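Hi,

Here is the structure I promised to pass on.

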Amino acid sequence: MLHDTMVDLSALKKPDAKRFNKKNDGRPFEDSSKFEFFSEKNDTSLLVYSSSSKKRKNNLTFIRTFGYKVYDM
């Protein structure tokens with residue numbers, strides 16, 4: 001379900017979107033340094049992170065950055 005959602009989101013922003021398929025153990029609300037790195041590396045201000053766990057199924061996190069630092073989620 002999350003995969004389909006991410007494919008649809010990237011299709012909406014087709015020429016400007018970049019999808020990453022590698023599974024990373026990111027925790028956006030605990031350590032945002034990984035997302036700040038991706039923001040600076042790809043020169044972007046909006047990131048979408050999807051995750052799923054036994055406790056919390058199908059999570060989408062929209063991350064806005066300003067000056068390559070996390071602004072809000």
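Predicted model: local features only at pLDDT ≥ 70, side-chain atom pairs only at ≥ 80, totals over all residues.

Numbering starts from 1 along each chain as its sequence is written, and side-chain values use heavy atoms, with hydrogens and water left out.

**The sheet**

There is an open sheet of three strands in the order E1-E2-E3, with antiparallel pairing. Strands here (E, at least two residues) and helices (H or I, at least four) are DSSP runs, numbered from the N terminus, and two strands pair if DSSP finds at least two bridges between them. E1 and E3 are at the edges with a single partner strand each, so one side of each has no neighbour in the sheet. On average, neighbouring strands are turned by 45° against each other, direction ignored (axes are lines fitted to C-alpha atoms, for helices over the stretch in contact, and angles run from 0 to 180 degrees between N-to-C directions).

Six bridges join E1 to E2. Ser51 sits opposite Asn59 in E2, and Ser50 has Leu60 in E2 as its bridge partner.

Are they buried or exposed? Lys57 counts as exposed because its relative accessibility is 55%, and Lys54 counts as exposed at 78%. The cut-offs are under 20% relative accessible area for buried, over 50% for exposed, and partly exposed in between (1.4 Å probe, protein chains only).

**One salt bridge**

The count comes to one salt bridge, meaning a side-chain nitrogen of Lys or Arg within 4 Å of a carboxyl oxygen of Asp or Glu. The side chains of Asp72 and Arg64 form it, at 2.9 Å, N to O. Asp72 is partly exposed at 31% relative accessibility, and Arg64 is partly exposed at 42%.

**The largest pocket**

How much space lies in the largest pocket? About 1600 Å³. For the lining, 41 residues are involved, and Met6, Phe35, Val48, Tyr49 and Ser50 lie nearest the centre. Helix H1 (2-12), helix H2 (33-42), E1 and E2 are the elements that give two or more residues to this lining.

A pocket here is an open set of points on a 1 Å grid over the protein atoms alone, where a 1.4 Å probe fits, with protein on both sides within 12 Å along at least five of seven lines; lining residues have an atom within 4 Å of a point. Grid points are joined across faces, edges and corners, and the volume is the space filled by probe spheres set on the points.

Cheers
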